Amino acid sequence: MKNTFWKALGVLLLLYVFSMTLLVPLGPGLLEFQDKGKVQHSDIVGRSLPVYEVIGFGTHWDENSDSLGIFVKSKGQLAALEIFEITDETHALVGLDLPYSIPSKSWNVLVNHPIDGTLLLENALFLSDRFVDASIELPTPAVQEFGSNLPFHFPYQPQIVETIRNLMLHVPLWFTMFLLMGIGFVASIGQLSNNRNMEADMRAFASVRVGMWFGVLGLATGSFWARFTWGAWWVDDPQLNGALVTVLVYAGYLVLRNAVDDERLRARLAAVYNLFAFVILVILLMVLPRFSESLHPGKGGNPGFNSYDLDDALRMVFYPAVIGWMLLGTWMYLLTLRMTRINRKLDLLP
Amino acid sequence: MPNNAWTQFRFLTTHAFRVEFRQKHGIAGLFLFALASVYACYQVAGGRASAEIWNALAWVVLMFSAFNAVAKPWAEDSPELRSYLKTTLRPGIWILARMAYYVLIMSLLALLVFFAFALFLGTEHLGGSRSWSFLLGLEFTAVAFASLLTLLSAISSRAGAGFSLTAVLGLPLIIPIILISTRYGSEILSGVIFGDTAHHLLFLAGLTGGIATLGYILFPYLWRD
């Protein structure tokens, strides 16, 4: 019972994680603020205004459309946009009414709605042909603020959008790989301190073999993520290079094991190489990327996650995912270890 | 064999060179290989190379020369001689001496590669102090290659698998060094001043120190039976 409890827990956690990952909807966000290149007459101000199109993602603008408010904001100053037409739940045409003298050329777009809450698109509007006067004060429009009124959802992030679900695969897979390689590291130290017993060697071998799977899957999920967020299957980046080299170094460990026939010599050589490989893993994946510029989040002097990357909804799935993958990895490791022991016993039979 | 670590180290290093110069074809072959590679690069690049190609080819030639240098089998790797040496000297000192030997050989090779590149592929990218900065980078890289490949060739010769295993184990581990070096080289050749890109050399030095320390700690385990 004690032996099956944590395995069942791991599987249940992963079932929970997979269902949440696939079923929880993504929250609303703003995709684009486009200049339509035409003007339209406004009955309210009595002039023609340049027309822009706001494109949302997963928004509900066709419901309660009277309460929809669209604003631009710069240097703490707000200006309301006139809504000409709400095409559907994610598209709206607006007219921009700003004076010739403005406090800044670069503006954020804010959309306020009773269901979606307040959505922000940073630096969405750049007015290059206006006069900048920092002292100018625009009239403050009446704003009716709404909190969001949505069921449980993952946060919308620009660029990442739906691929945020990959967070539950990619990151825990790497964490599990670190855990398994750590087990291998400890086992290799044990093997070097006592080379008469082959137990520690089998532990190191089993952990690296399972860890390799997690490393390869981590690379694959990372590659997919890179394709959708950065636009290429592979980019030249310190974190990615480090990950690939680490996996290749551990592949070298498996090659080295195959090259030696004598069991004790193999155990010792493999242990020496494994200690070396783990030091390389720590340097390449945890130390070097922090000193260099990288596209990968959590790098460039900022270790790990910060509050912008991970909100409460993600945490509710991400932490169980880490624990679940680690339990599954440990289970796979124990099975592989048992298989290795049996194979060795079979080899030793006359 | 004296018991003092420094005396042992000095003796082993000079001994390695003495053996090398007694049969000169080994070291001559190394230099010839490097020179021939540079000449092949000169032909491949079609006489003159842009700064990027100059940089890339220089590091690749240095890398293959390094692999070629450690491919030599050592008499001390034979089981008989090893079991004798085990009783007389410390294995940690022995690997450090072997590293020192390869560091010297590789420094000379780096010098040769540099001057051969300047001769064949032109010096227009190497104005003023840039050439010294680039040569310094080559030397730091050569030292890092030498220390890493010494350890790996010791592992693979102990495994009895010969040179192909050194290449399999070494190539992935060489990649980080090559990445740092090429970045340094391209920055030097594109005119970045030395002070702004010298941190790459610090990384290389740190890596070399780490590899040497690991070798010193781990090598005794390789020598046991």
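I take a residue as buried if 20 or more other C-beta atoms lie within 10 Å of its own, as exposed if 12 or fewer do, and as partly exposed in between, with C-beta atoms placed from the backbone.

**Entry 1. Conventions**

This is a predicted model, in which local features need pLDDT of at least 70 and side-chain atom pairs count only at pLDDT 80 or more, while totals for chains, interfaces and linings use all residues. Residues are numbered from 1 along each chain as its sequence is written, and chains are lettered from A and ligands numbered from 1 in the order in which they are written. I took helices (H or I, at least four residues) and strands (E, at least two) as DSSP runs, numbered from the N terminus.

**Entry 2. Pro25(A)**

I looked up Pro25(A) and found it in the loop between α1 (2–23) and β1 of chain A. Is Pro25(A) buried or exposed? Pro25(A) counts as exposed because it has 12 C-beta neighbours inside 10 Å. I also noted that 36 Å separates the C-alpha atoms of Pro25(A) and Val245(A), which are 220 residues apart along the chain.

**Entry 3. The sheet that contains β1(A)**

I count two strands as paired if DSSP finds at least two bridges between them. An open sheet of four strands runs in the order β1-β2-β6-β5 (chain A), with antiparallel pairing. Its edge strands are β1 and β5 (82–88) of chain A, each of which pairs on one side only. From one strand to the next the twist averages 20 degrees; for such angles, axes are lines fitted to C-alpha atoms, for helices over the stretch in contact, and the angles run from 0 to 180 degrees between N-to-C directions.

I then followed the individual pairs. Strand β1 (residues 29–41) and strand β2 (residues 48–57) of chain A are antiparallel over nine bridges, and Leu30(A) has Gly56(A) in β2(A) as its bridge partner. Six residues lie between the strands of this hairpin, in which Gly46(A) takes a positive phi near 75 degrees. β2(A) is joined to strand β6 (residues 91–95) of chain A by five bridges, again antiparallel. There I found Val94(A), in β6(A), as the bridge partner of Tyr52(A).

**Entry 4. The sheet that contains β3(A)**

Another open sheet of four strands has the order β4-β3-β8-β9 (chain A), and its pairing is antiparallel. Which strands stand at the edges? They are β4 (77–80) and β9 (117–126) of chain A; each has a single partner strand, so one side of each is left without a neighbour in the sheet. The twist here averages 30 degrees from one strand to the next. Four bridges hold strand β3 (residues 69–74) of chain A and β4(A) in antiparallel pairing, and Ala79(A) in β4(A) is the bridge partner of Val72(A).

**Entry 5. Two helices by length**

I compared end-to-end distances with the expected span, which is 1.5 Å times one less than the number of residues. For helix α3 (residues 199–229) of chain A, 31 residues should span 45 Å, and the end C-alpha atoms are 44 Å apart, which agrees. Just after α3(A), Gly231(A) has a positive phi of about 95 degrees. For α6(B), 29 residues should span 42 Å, and the end C-alpha atoms are 42 Å apart, which agrees. Gly160(B) follows α6(B), and its phi is positive, near 75 degrees.

**Entry 6. α6(B) and Thr141(B)**

α6(B) is mostly covered, with 22 of its 29 residues buried. I looked up Thr141(B), which has its place in this helix, and it is buried because 29 other C-beta atoms lie within 10 Å. I treat two residues as in contact if their C-beta atoms, placed from the backbone, lie within 7 Å. Leaving out residues up to four places away in sequence, Thr141(B) touches Leu62(B), Ile177(B), Ser181(B) and Leu204(B). Its C-alpha atom and that of Ala110(B), 31 residues apart along the chain, are separated by 8.7 Å.

**Entry 7. Cores**

By nonpolar core I mean a set of buried Ala, Val, Leu, Ile, Met, Phe, Trp, Tyr and Cys residues joined through C-beta atoms within 7 Å. The largest such core has 124 residues, and among those with the most contacts inside it are Leu62(B), Val113(B) and Phe145(B). Helix α5 (residues 91–121) of chain B gives the most to this core, 18 residues. Apart from it lies another core, of 19 residues, including Phe33(A) and Val72(A).

**Entry 8. Where the chains meet**

I found 17 residues of chain B in contact with 19 residues of chain A. On the side of chain B that touches chain A, the largest share, eight residues, comes from α7(B).
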